[in-house]
2 protein chains.
Amino acid sequence: MTLTDVTITSRDEATSREAVTIVSPDAACCAPLTRETISPADAEVFARRLKALADPVRLRLVSIVAASDGQEACVCDLIEPVGLSQPTVSHHLKVLTEAGFLARSKRGTWAYYRLVPGALDATAAPLVSI
Amino acid sequence: MTLTDVTITSRDEATSREAVTIVSPDAACCAPLTRETISPADAEVFARRLKALADPVRLRLVSIVAASDGQEACVCDLIEPVGLSQPTVSHHLKVLTEAGFLARSKRGTWAYYRLVPGALDATAAPLVSI
DNA sequence: CCACTATATCGATGGATGTCAATATTCAAG
DNA sequence: CTTGAATATTGACATCCATCGATATAGTGG
């Protein structure tokens, strides 16, 4: 991403939120940044992924799927372990799928959710390099 | 970790009326777990930590602090970059501090927030081993 | 003590989210 | 085509959360 030096006005609740970037070194009066910071857009994307995981039920669902044979589990086998209603489990699985952590494949009447390889690692990696 | 009661008893008796379901000889009818799954309590704790990070503003705050000299930044230097009100920034910093990602130290009138070493890595680690 | 600055807390508010019951949809079997 | 089962979607509701303005608290200097 490109650096855009922006004179940040006061809190004029305008919509220019994407333009906030790191401070150029010459204007280092207050906070000398030694590295580049995450861009607002990247933070938004990353937060969305983390939010999909930041739920105890969804963490358990991912864990059960990951621990299942072939890293794949049927919905009917996920309802009982988490102890919630079928629509709720379906909702959580949808959130995880839309976030890229699970993938759905239907076989007959059953829907199987499998772990997307590398999805969890791809989310963990930016954390250590933040 | 403790192994929660993984009753792998299938719900086979549900269809015991007259339909003799043909079960494949490999007996992999439902969900054979090959590994241990996360406990509900651990999922709750982990989800709480992830939730503290799953916000674009907080991710940017952590990033700015991490990129600052000495991995430490004053509140007054964090308000402008994120473009939000001072109470809101203070709120986010509190959330991050209570979650163990930041630590606060007051010097004079100013409050400095610094990165807690290893906190991010400790959160990223369980993700890859889920 | 008083004024000023930096930060934290409080109260309110609009929007996001987790949950369920009811219903729709999809698919296999008769 | 009709029935039944597995799953997804919808609508409603309660709760949580990000944000702000107003205010309180703490620390510095006169």
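## Where the two chains meet

In this predicted model, the contact between the chains draws 43 residues from chain B and 43 residues from chain A, two residues being in contact if their C-beta atoms, placed from the backbone, lie within 7 Å. On the side of chain B that touches chain A, helix H1 (40-53), helix H2 (56-67), helix H3 (76-82) and helix H5 (119-128) of chain B each supply at least two residues, where helices (H or I, at least four residues) and strands (E, at least two) are DSSP runs numbered from the N terminus.

Residues are numbered from 1 along each chain as its sequence is written, and chains are lettered from A, and ligands numbered from 1, in the order in which they are written. Local features need pLDDT of at least 70 and side-chain atom pairs count only at pLDDT 80 or more, whereas totals for chains, interfaces and linings use all residues.

## Helix H1 of chain B

The buried residues of H1(B) are B:Ala43, B:Phe46, B:Ala47, B:Leu50, B:Ala52 and B:Leu53, a residue being buried if 20 or more other C-beta atoms lie within 10 Å of its own C-beta atom, placed from the backbone. What covers these residues includes helix H1 (40-53) and helix H2 (56-67) of chain A, together with H2, H4 and H5 of chain B. Leaving aside residues up to four places away in sequence, B:Leu50 touches A:Leu50, A:Leu53, A:Ala54 and B:Thr123.

## The surface near DNA strand C

Of the 24 residues around DNA strand C, A:Ser85, A:Thr88, B:Cys76, B:Pro87 and B:Ser90 come nearest, a residue being near a strand if its C-beta atom, placed from the backbone, lies within 6 Å of it. The largest share of this surface, six residues, comes from H4(B).

Technical notes. A residue is buried if 20 or more other C-beta atoms lie within 10 Å of its own, exposed if 12 or fewer, and partly exposed in between; C-beta atoms are placed from the backbone.
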